[in-house]
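User: Please take a close look at one part of this model and describe how it is built. Then place that part in the chain as a whole.

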Amino acid sequence: MNDGDVSRQIQQMVRFIRQEAEEKANEISVSAEEEFNIEKLQLVEAEKRKIRQEYERKQKQVEIRKKIEYSMQLNASRIKVLQAQDNLVNSMKEAAAKELLNVAHHHHTYRHLLRDLIVQGLLRLKEPAVLLRCREEDLELVNGAVHIAKQEYAEKAGVHTPEIIIDNHVYLPSSHGYHVAHGQFCSGGVVLASRDGKIVCENTLDARLEVVFRKKLPEIRRLLFSQVAA
């Protein structure tokens, strides 16, 4: 081989090596780009998942907050309704208590009522001697009712007529206290107690109203608020 042939072969080898190098470089470049795109896609998907998770977390927080706010508003509404119902029931009780103030004004009817209240108290106590306390303004009517009440009790209970000691020193509050804020008052009736004071029967009109009202309260609420509950 002469020098020209050697030179051509060398150039041919150089071109071959360069071509292989370029092809290899292209392969590396394509592979690198594919890996980059895959990694980029994975990063994008990971960020998307993070964003979705964060959105779902915040959405749940919003839903929970809405449920809490709704529950609080619902409870507040229920409290307002219950308060309004209580106010209405209390106003009815207040009206009934106000009407009781007029009972003692009808002396004939009130005298019979006092007798019945005394008899009822005696039947509850079943004591041979009792202490009776009334309002000062009712003292005369009570004195007039005691004798008949003792006889009626003795007949009903089948016992001797009891001794009734009327307290002339300590009286039940007057009805005038009704018109005084936080004042003590009594619409009428009597309080009976055993002589040792251990057994007490409060048979005032106000106590009777309290007992009846408490007993009838479920029925009152049902009549007034059954449509509201429905």
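Analyst: Strands S1 (residues 129–133) and S2 run parallel and are joined by four bridges; strands are DSSP E runs of at least two residues, helices H or I runs of at least four, both numbered from the N terminus, and two strands pair if DSSP finds at least two bridges between them. Between S1 and S2 the chain passes through helix H3 (residues 139–157), a β-α-β crossover that is right-handed: with the strands pointing away from the viewer, the path from the first strand over the helix to the second runs clockwise. This is a predicted model, in which local features need pLDDT of at least 70 and side-chain atom pairs count only at pLDDT 80 or more, while totals for chains, interfaces and linings use all residues. Residues are numbered from 1 along each chain as its sequence is written, and side-chain values use heavy atoms, with hydrogens and water left out.

Leu-131 has Ile-165 of S2 as its bridge partner. Ile-165 lies with Glu-163 on the uncovered face of S2 (residues 163–166), whereas Ile-164 and Ile-166 form the covered face.

As for the whole chain, the domain assignment, automatic or from a database, gives domain 1 (1–105) and domain 2 (106–225). Their centres, taken over C-alpha atoms, are separated by 75 Å. The contact (heavy atoms within 4.5 Å) takes 16 residues from domain 1 and 19 residues from domain 2. Two salt bridges are counted between the domains, a salt bridge being a side-chain nitrogen of Lys or Arg within 4 Å of a carboxyl oxygen of Asp or Glu. Arg-221 forms a salt bridge with Asp-86, their closest N and O atoms being 2.4 Å apart.

Definitions and conventions. Buried means under 20% relative accessible area, exposed over 50%, partly exposed in between (1.4 Å probe, protein chains only).
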